[in-house]
Amino acid sequence: MRAVVVSALDTYSLTQRPDATLLAPTDALVKVRATTVSGSDAHLIAGHLGPVPTEGFPLGHELVGDVVEVGAAVLNLSPGDRVAVPAAPWCGTCARCRAGQIQLCLRGGIFGAGPAFGGLGGAQAELVRVPWADTCLSVVPDGVSDAQALTVGDILSTGWTAVREAVSTPGQTLLVFGAGPVGLSAVHTARLHGVAQVITVDTVADRLALARTLGADHVIDPSTQDVAAVVASLTDGRGAQAVVDAAGVPATIGAWAAVAAVGARIAMVGMPAGPVEMALGALQMKNISVWTGLGDLGHMDMLLAMIVAGRLDPAPIFTETVPFDRIETAIAQFIARKPGLVKQLVTVG
Ligand SMILES: NC(=O)c1ccc[n+]([C@@H]2O[C@H](COP(=O)([O-])OP(=O)(O)OC[C@H]3O[C@@H](n4cnc5c(N)ncnc54)[C@H](O)[C@@H]3O)[C@@H](O)[C@H]2O)c1
Ligand SMILES: [Zn+2]
């Protein structure tokens with residue numbers, strides 16, 4: 001099979017690898033229909049998440065595909081099923097899974113992220129072995145496109161989780177920092193949480209335009225506007241009762257206290273590149289709660305049902321479609337932050 005492999009620091013290629021195979025009776029083998037490139041891939045290639053192992057590793061953690069083979073213990077899936085795959089599979093039975101912390105499964109890992117993250121196969125490939133298939137895979141209903149299904153295993157779940165953690169009651173104003181794939185997913189899923197008004201903050205005009213398409217009522221560019229003043233004017237001076245930070249940079253973290261209302265909840269899903277200084281006292285004096293964490297991937301069926309029902313359509317997050325044999329260029333353009341590019345739908349087979 002062909003797969004993208006990171007072979008050394010800053011070095012990756014689409015290359016021939018042995019076919020993925022079943023290793024356990026609870027596994028399914030999935031033939032990839034579509035995959036994509038993410039910021040984590042860029043960080044892994046650049047060695048920001050640890051040194052690249054000498055043996056290299058396959059890349060990619062977002063995919064939708066068709067089941068081609070199942071292990072003897074897989075009861076709910078059959079060859080031919082089209083499935084959405086979570087970026088981080090979980091066993092469902094370890095202490096953390098039983099406590100609801102499936103993102104941090106003791107036996108789990110992240111697809112295509114190297115031995116430090118479980119040594120699983122990569123999604124930027126023709127075949128992927130998925131462990132605990134009955135637990136993790138969601139059959140994609142008819143009427144859901146591959147592009148839509150591709151979002152539920154990572155970005156849409158992460159955006160949805162962030163909004164769930166930020167919004168405490170319907171009718172609130174939600175402010176989302178960052179209009180990348182994760183922030184746009186938060187904007188788009190806000191409607192599922194009864195949000196009255198969505199405000200999005202980003203410095204990139206076409207991303208703000210996309211945020212409007214996906215459900216933002218107001219957009220703010222901090223390079224030309226005073227974010228706190230605009231938020232105050234949109235909230236009768238109160239501030240936003242719910243805040244999602246999907247940028248995770250010092251500038252957005254530093255703005256939390258000024259934009260959040262008294263008693264607000266802030267959900268931080270952006271991953272800061274390093275330690276960040278923050279004025280915790282200013283948050284404390286407004287009774288503000290901060291939640292941080294990973295996207296909860298245990299609600300893929302619900303998100304797929306919302307897509308079927310026409311309540312969600314995350315497809316516009318994909319700003320271009322690329323065939324698999326052009327994926328090396330796609331990765332390079334993603335890393336170089338090609339203007340206008342938000343997310344690529346890479347069609348594999
Ligand atoms: N917690 C999780 O489970 C999880 C899952 C996936 C991704 N992430 C993280 O979420 C973050 C967002 O991911 P993404 O794929 O959307 O990345 P992205 O880089 O495409 O999006 C970040 C956005 O923030 C904007 N931004 C930068 N500085 C800003 C500022 N000062 N004010 C407002 N906006 C600003 C950028 O223009 C960009 O649009 C990343 O840090 C990523 O690592 C977390
Ligand atoms: Zn587990």
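Mentor: In the shell around ligand 1, helix H6 gives the most, with 3 residues; helices here are DSSP runs (H or I, at least four residues), strands are runs of E with at least two, and both are numbered from the N terminus. This is a predicted model, in which local features need pLDDT of at least 70 and side-chain atom pairs count only at pLDDT 80 or more, while totals for chains, interfaces and linings use all residues. Residues are numbered from 1 along each chain as its sequence is written, and chains are lettered from A and ligands numbered from 1 in the order in which they are written.

Helix H6 covers 181-189, and together with helix H9 (250-259) it belongs to the helices that each supply at least two residues of this shell. There are 27 residues around ligand 1, and Gly178, Gly180, Val182, Ala247 and Ala251 come nearest, where a residue is near a molecule if its C-beta atom, placed from the backbone, lies within 6 Å of it. By class, the shell holds 14 nonpolar, 11 polar and 2 charged residues; Ala, Val, Leu, Ile, Met, Phe, Trp, Tyr, Cys and Pro count as nonpolar, Asp, Glu, Lys and Arg as charged, and the others, Gly among them, as polar.

Now step back to the whole chain, which has 12 helices and 16 strands. An automatic or database domain assignment gives the bounds, with domain 1 at 2-154 + 297-347 and domain 2 at 160-292. The C-alpha centres of the two domains lie 28 Å apart. Where they touch, 12 residues of domain 1 meet 14 residues of domain 2, a contact being a pair of residues whose C-beta atoms, placed from the backbone, lie within 7 Å. On the side of domain 1 that touches domain 2, there are 7 nonpolar, 3 polar and 2 charged residues.

Over the chain, 50% of the 349 residues are buried, meaning that 20 or more other C-beta atoms lie within 10 Å of a residue's own, whereas 12 or fewer make it exposed and numbers in between make it partly exposed. Among contacts between residues at least 6 apart in sequence, 70% join residues at least 24 apart. Along its principal axes, the C-alpha trace spans about 60 × 40 × 35 Å.

Terms used
Contact = placed C-beta atoms within 7 Å.
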